[in-house]
Amino acid sequence: MAYKNQQEFIHALETAGELVRIRTFVDPKLEIAEITDRISKSGNGGLALLFENTGTEFPVLMNAYGSEKRMCMALGVQQLDDTTREIEGLFRLLSAPKEGLLDKLRLLPKLGQFASWMPAVKNGRGECQEVVMKEPDIGRLPVITCWPKDGGPFLTLPIIHTKDLHTGTRNVGMYRMQVFGPTLTGMHWHKHKVSAKHFAAYKKAGQRMPVAVALGGDPVYAYSATAPLPENVDEYMLAGFLRKKKVELVKCITQPEIEVPADADFIIEGYVDPAEDPIWEGPFGDHTGYYSLPDWYPRFHLTAITHRKNAVYPATIVGIPPQEDAWLGKATERIFLAPIKMTLVPEIIDMEMPVEGVFHNLVIAQIRKEYAGQGQKVMNAMWGAGQMMFNKILVITDEPAEIRDYGQLARYVFRHWNPATDVYFSQGPMDVLDHSCSKLGFGGKMCIDGTGKTEEETDAAQSQKLAAPDRLTGAPADRLSAAALMDRWPEITTANLSLLAQQIPCLILAVKKDHPGHIRELHEALCNLTEMEGIKMILYVEHTVDAGDLSVALWRFCNNLDPRRDHLLVRKKSWTDPQQEIACLGLDGTRKTKELDNFQRDWPNIIVAADATIRAVDEKWAALGIGAFLPSPSLKFKDQVYGEEAVVTDFTGDKATKTNQPYGGEAVVS
């Protein structure tokens, strides 16, 4: 289904009972984000929010994609898997043998459909250019500041258009944009992104790079900008396929080399000059739930701002999961399963990205296994497939598992997983937002092969002991206790043994480290307990984390782990059967420091709202008209923050500071 514009989507949401209007004044600086954070975590994603009184002439739309229903509405489907099945059907049609004339004729209607999805440039101006600002000033837009230690206001749903200097091929991506002045923002292009490659070509040629930013329009545009398409595949072709109607484009007014959607709400035109020094951009509370710390990025100079009449400014917040972006990620998981299956990994059945893994940190792949080593084959294929190169932890299972029933999945994987032989470590490119890597954008990866094993894959000296999970609920589950562990090792602040009762041989321990090698020593000592026999894995998290809160503990663990660097494998003879060898894998998901871990990079804080913002929203909640009072989700995490800044202040003293004065914001301390 194609929406004429964002206003039609808003109307559809409101008609479906999925949107609430807020007419009370709410400040775009911190307050809109705090209200949205409470609503998005209120269960099933809450409702979309239309803030009509922002202190500017424009309303702000938040949380529009923040539930499965609204994500389906945005894409015009009943279920996200509908698109998966349609793509699979297309691949089968295109790849089927076409030996006779009739076979070829059957393809013609589909080719006609393909043509109808291709973007087209129309003459004249579009609705997005109904109003042209005489003097462009991005300060007239209600650009939100999300978190207290953000470097300033950021555009968080910008649809950014660039072109290859030599081929003219368009790229449409989504990268945050920090506002520094009326006509100046940053352009947060990661080095792995296509727009960054375009920028490098302009820099080599010594030419200014035209750029245009769209906001709003059909909601499928923003999704398509986030989609992990192959390089040089036009995102508006995907948008046309999803909406079953071509995207109509118009030329920009001051940057006519760039075309933008005619039905967008706002267009921001400008350029990046590669000859200029970059700007110190950030911090920013990111989708990992941690601040991404400042770095140097290109400057974007505005040359024009245009908008439609009655424009609505769309935005989102990211932070501690779950947030709205989880549903954008879920759409990608479902939509791109078919291309992965049909082109790269034919044995893949299904894929799951748990919200605790914030997309790239944890991916579960279910395969149809037919031969020894197939798990490793899939591992290598997936780590080489586009943005899957950023994956940190890959769990592979096979057909009997139910990958969305996490308890059943974990039991199956642990039953078929040998810590000594079925875990694989590698290193490679990582998301630059991954703070756990010793080097920016380069770190460790881990694959757990939880598939049923063939005879060739089995180690006879270990398999019998490791394949007997019922042993677990007999000895360790009954004889181990959290109180006993914490009494013997006071550095263990909380211990989660609840998984043992579910026949999942894994412990989660929160530990306060106080000397180098502390986790290694503790892991070895634990593995020497007779009561630990049968335990296959211990996850170690920061002492401020409640190990009993499984979702939070896994989120913190996945973010803080570099698997190649932080794994500890203990192998020893069984206490009960010396002919058998047992193994237990420890994974250190605690915060890393220079003093205790020789970690040389700054470590970011998790993201929480400021106390003053929480109080302000508490006081105006009754006037908002959005239902019963909801406390701030940040309150749960206040005692997990180190210091007051975006970067952790460690125990050696205050960090060095660097101060900027961004447009419309306070001084940035990083």
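Predicted model: local features only at pLDDT ≥ 70, side-chain atom pairs only at ≥ 80, totals over all residues.

Trainee: How is a pair of aromatic rings described?

Mentor: Such a pair is described by the distance of the centres and the angle of the planes. In this structure, a search of the whole finds 13 aromatic pairs. One of them joins Trp117 and Phe241, with 5.1 Å from centre to centre and 75° between the planes. An angle over 60 degrees counts as edge-to-face, and the pair of Trp117 and Phe241 is edge-to-face.

Trainee: Which parts of the chain does the pair of Trp117 and Phe241 tie together?

Mentor: Trp117 belongs to helix α5 (residues 101-117) and Phe241 to helix α8 (residues 235-243), so the pair ties together parts 124 residues apart in sequence.

Trainee: Are Trp117 and Phe241 buried or exposed?

Mentor: Both Trp117 and Phe241 are buried. A further edge-to-face pair is formed by Trp555 and Phe637, at 5.8 Å centre to centre and with 85° between the planes. Trp555 lies in helix α18 (residues 550-560), and Phe637 in the loop between α21 (611-624) and β31 (659-660), so this pair ties together parts that are 82 residues apart in sequence. Trp555 and Phe637 are likewise buried.

Trainee: Which residues do ring pairs link into a cluster?

Mentor: Phe58, Phe266 and Tyr313 are linked in this way.

Trainee: Which charged residue lies over the face of Tyr271?

Mentor: Arg208 does, at 4.0 Å from the ring centre. Lys445 lies over the face of Trp383, at 6.0 Å from the ring centre.

Trainee: Let us turn to helices. How do α9 and α10 pack?

Mentor: Helix α9 (residues 325-335) and helix α10 (residues 337-344) pack at about 30°, and their axes are 4 Å apart. Angles under 35 degrees count as roughly parallel, and α9 and α10 are therefore roughly parallel to each other. Thr332, Glu333, Arg334 and Ile335 of α9 make the contact with Leu337, Ala338 and Pro339 of α10. Of the residues in this contact, four are nonpolar, one is polar and two are charged.

Trainee: How many residues of helix α3 are buried?

Mentor: Helix α3 (residues 68-75) is mostly covered, with six of its eight residues buried. These are Arg70, Met71, Cys72, Met73, Ala74 and Leu75. Just after α3 comes Gly76, which takes a positive phi of about 70°.

Technical notes:
Residues numbered from 1 in each chain as written. Heavy atoms only, no water. Axes fitted to C-alpha atoms, helices over the stretch in contact; angles between N-to-C directions. Helix = DSSP H or I, 4+ residues; strand = E, 2+ residues; numbered from the N terminus. Parallel < 35°, antiparallel > 145°, perpendicular 65-115°, else oblique. Contact = heavy atoms within 4.5 Å. Nonpolar A, V, L, I, M, F, W, Y, C, P; charged D, E, K, R; others polar. Phe/Tyr/Trp six-rings, centres within 6.5 Å; stacked < 30°, edge-to-face > 60°. Buried < 20%, exposed > 50% of the residue type's maximum accessible area, 1.4 Å probe, protein only. Lys NZ or Arg CZ within 6 Å of the ring centre and 35° of its normal.
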